[in-house]
Amino acid sequence: MKNAFCLIVTAAVAATMQVRLLPNTTAANVGLVQVRPFSDANWGTVCDDGFTQTEADALCRMAGFNGAQRWSAGNILGVGSIYIDGLSCSVRATSFTQCNFVYSAPSSPPRHNCHHNEDISLACSTQTLLTTSSTTSLTPPPTPTTTTTS
């Protein structure tokens with residue numbers, strides 16, 4: 001029953017999920033993948049479980065690029081929520097509606113076994129797409145802050 005619930009949640013947020021790259025260099029096409037389920041949510045990350053070149057290409061297309069040159073996990077550690085685990089996209093996917101994934105809502109316990117050393121980073125093609133989805137965001141994010149709780 002848990003898997004069926006996750007698929008229902010995934011279908012509900014797939015249409016509004018946004019993606020961007022948090023650059024670690026001056027290149028806008030290279031960085032940590034960040035996603036958020038809706039416009040006023042905090043940005044979170046994507047886990048590497050089951051991740052392949054197909055998903056890398058899809059995420060780059062969602063961010064407005066032609067595809068991925070390479071991807072890696074754990075090169076840049078994110079903070080906050082890990083929203084997506086087990087991402088599986090169709091070969092020509094251009095939005096999350098063409099992918100399946102396990103979604104962990106910001107206000108719920110995680111539905112994944114991931115840690116930030118599994119966060120996906122991408123180097124996307126420098127060639128951009130002519131059109132992008134309305135949920136694509138390429139604006140630079142604010143510098144993340146770390147909060148320690150006792």
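Predicted model: local features only at pLDDT ≥ 70, side-chain atom pairs only at ≥ 80, totals over all residues.
Local features need pLDDT of at least 70 and side-chain atom pairs count only at pLDDT 80 or more, whereas totals for chains, interfaces and linings use all residues. Residues are numbered from 1 along each chain as its sequence is written, and side-chain values use heavy atoms, with hydrogens and water left out.

**View 1. Helix α2 and its covering strands.** Helix α2 spans residues 53-62, and eight of its ten residues are buried (buried: under 20% relative accessible area; exposed: over 50%; partly exposed: in between; 1.4 Å probe, protein chains only). These buried residues are E55, A56, D57, A58, L59, C60, R61 and M62. Their cover includes β1 (18-23), β2 (30-36), β4, β5 (82-89), β6 (99-103) and β7 (120-124). G64, which follows α2, has a positive phi near 100°. Helices (H or I, at least four residues) and strands (E, at least two) are DSSP runs, numbered from the N terminus.

**View 2. T45 in strand β3.** Strand β3 comprises residues 44-46. T45 is buried, its relative accessible area being 1%. Its side chain forms a polar contact of 2.9 Å with that of D119 (a pair of N or O atoms within 3.5 Å; within protein, one must be able to donate a hydrogen and the other to accept it, and residues adjacent in sequence count only if both atoms are side-chain atoms). Beyond four places in sequence, the residues touching T45 include L32, V33, Y83 and H116 (contact: heavy atoms within 4.5 Å).

**View 3. A73 in strand β4.** A73 belongs to the strand formed by residues 68-73 and is partly exposed, at 29% relative accessibility. The C-alpha atoms of A73 and D119 are 5.3 Å apart, although 46 residues separate the two along the chain. Neighbours within four places in sequence aside, A73 contacts D48, N117, E118, D119 and I120.
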